[in-house]
Amino acid sequence: MHELSIANSILEAVRAEAARRPDARFLKVGVRVGELSGVEPEALSFSFQALVKDSDLEPLTLEIERRPRCQCCPACGRVFRVHDYDITCPDCGEGRTRCISGHELEMIYLELEDV
Amino acid sequence: MSRIPLEKKVLNENDLIAAELRARFGAHGILCLNFVSSPGAGKTLLLEKTLAAFPKGERVAVLTGDVQTDNDARRLARWGFPVKQITTGGACHLDARMVERALADWRLEELDLLLIENVGNLVCPASYDLGEAAKVVVLSVAEGDDKPLKYPAMFFRASLLILSKIDLLPYVPFRLATARENALKIHPEMEILELSSTTGAGLDAWQAWLEARRRATRAEFHSAARVISGQV
């Protein structure tokens with residue numbers, strides 16, 4: 001359950017942005033959460049809501065973009081989504097493919113109200 | 001309504017401190033390893049056996065993290081090397097800031113190996129870089145051989161998997177081959193060792209792995225020092 005710490009880090013980053021834009025009202029923050037990030041999206045949403053409630057950042061909401069694990073095959077160049085942990089290339093059968101996405105834990109955007 | 005792009009890591013602050021720590025370890029030629037596992041997999045006993053085998057004066061230190069108590073630090077301090085307990089007071093993982101604070105009153109020039117024992121937890125410590133050269137994940141045979149599939153984030157990030165407590169194999173349904181296969185599914189480059197800290201079986205292979213990593217770290221440090229001093 002480190003999602004509370006993660007949610008807090010997101011809010012700290014939003015506050016840093018808010019300090020630079022004192023007149024802005026922030027509505028939404030977009031975060032990318034990879035399948036291999038070790039972060040559970042539902043727990044993150046729950047923690048985020050709990051921290052925002054009655055805080056200076058209300059009514060900020062969180063939008064999570066989930067990223068599946070994708071591998072790239074060094075032999076044939078095929079990029080594929082991993083199902084059931086099988087990282088074998090579906091085209092050429094190469095077993096040692098490279099992970100190219102799924103470990104992300106990134107802030108993507110901030111939405112603010114026009115003034 | 002307008003949207004501003006951010007494109008930064010959520011744990012940017014932790015990652016910055018971790019990068020600083022990594023640079024400091026590099027500058028002192030220190031190999032730093034971050035030991036992770038579920039609670040009770042045998043991290044502390046493995047570290048005790050590791051310390052016990054070192055000669056007096058070995059340049060090694062240990063940081064050990066727990067939610068409460070300094071029991072582990074007391075166990076580890078018996079071997080005569082510097083040990084410090086980090087009590088997280090509820091947090092389920094160590095972060096880079098805690099490591100930075102714990103190192104504040106140690107002289108890094110007196111070390112060339114730093115072993116960090118993380119809080120027993122296969123989930124949260126995966127997200128926090130501590131500036132280590134490698135994560136070592138310990139999985140005991142008293143657990144399930146499907147653990148790598150259940151906690152892929154950790155096994156994806158760890159460089160070495162230690163299958164521990166192999167002396168218990170006759171009494172548990174754990175299949176070593178299945179555990180290996182599952183770990184390699186998540187992380188094909190994973191190195192894997194099997195050992196028992198209780199009987200000592202396999203400890204020599206672990207010590208050899210550690211020594212090889214230390215040698216590589218030293219070689220890198222010395223070649224960097226030669227470049228800096230203009231000898232190359």
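Predicted model: local features only at pLDDT ≥ 70, side-chain atom pairs only at ≥ 80, totals over all residues.

Me: Where does Ile30(B) lie?
Reply: Ile30(B) sits in the loop between α1 (12-27) and β2 of chain B. Helices (H or I, at least four residues) and strands (E, at least two) are DSSP runs, numbered from the N terminus. As for labels, residues are numbered from 1 along each chain as its sequence is written, while chains are lettered from A and ligands numbered from 1 in the order in which they are written.

Me: OK. Is Ile30(B) buried or exposed?
Reply: Ile30(B) counts as buried, because it has 26 C-beta neighbours inside 10 Å. The rule is that a residue is buried if 20 or more other C-beta atoms lie within 10 Å of its own, exposed if 12 or fewer, and partly exposed in between, with C-beta atoms placed from the backbone.

Me: What does Ile30(B) touch?
Reply: Leaving out residues up to four places away in sequence, Ile30(B) touches Phe25(B), Leu108(B), Leu111(B), Asp112(B), Leu113(B) and Leu114(B). Touching, or being in contact, means that the C-beta atoms, placed from the backbone, lie within 7 Å. Leu108(B) is 78 residues from Ile30(B) along the chain, and their C-alpha atoms are separated by 8.0 Å.

Me: Now β2(B). How many of its residues are buried?
Reply: Seven of the seven residues of β2(B), residues 31-37, are buried. Both faces are covered, with Leu31(B), Leu33(B), Phe35(B) and Ser37(B) on one side and Cys32(B), Asn34(B) and Val36(B) on the other.

Me: Which strands does β2(B) pair with?
Reply: Two to mention here. β2(B) runs parallel to β5(B), residues 113-117, and five bridges join them. β2(B) also pairs with β6(B), residues 134-140, in the parallel sense over five bridges. Strands pair if DSSP finds at least two bridges between them.

Me: What else does β3(B) do?
Reply: β3(B), residues 60-66, is joined by five bridges to β4(B), residues 83-87, and the two run parallel. In β4(B), Thr87(B) is the bridge partner of Asp66(B). β3(B), helix α3 (residues 71-77) of chain B and β4(B) make a right-handed β-α-β unit. Right-handed means that, with the strands pointing away from the viewer, the path from the first strand over the helix to the second runs clockwise.

Me: Switching topic: how many residues are in the largest nonpolar core?
Reply: It has 79 residues, and those with the most contacts inside it include Ile10(A), Leu115(B) and Met154(B). A nonpolar core is a set of buried Ala, Val, Leu, Ile, Met, Phe, Trp, Tyr and Cys residues joined through C-beta atoms within 7 Å.

Me: Where is Met154(B), and what does it touch?
Reply: Met154(B) lies in helix α6 (residues 152-157) of chain B. It counts as buried because it has 28 C-beta neighbours inside 10 Å. Not counting residues up to four places away in sequence, Met154(B) touches Gly38(A), Val36(B), Leu122(B), Ala126(B) and Val137(B).

Me: Last one: what confidence does the predictor give?
Reply: For the complex, an ipTM of 0.78 and a pTM of 0.88. Chain B has a mean pLDDT of 94, and 100% of its residues reach 70 or more. pLDDT is the predictor's confidence in each residue, from 0 to 100.

Methods
Contact = placed C-beta atoms within 7 Å.
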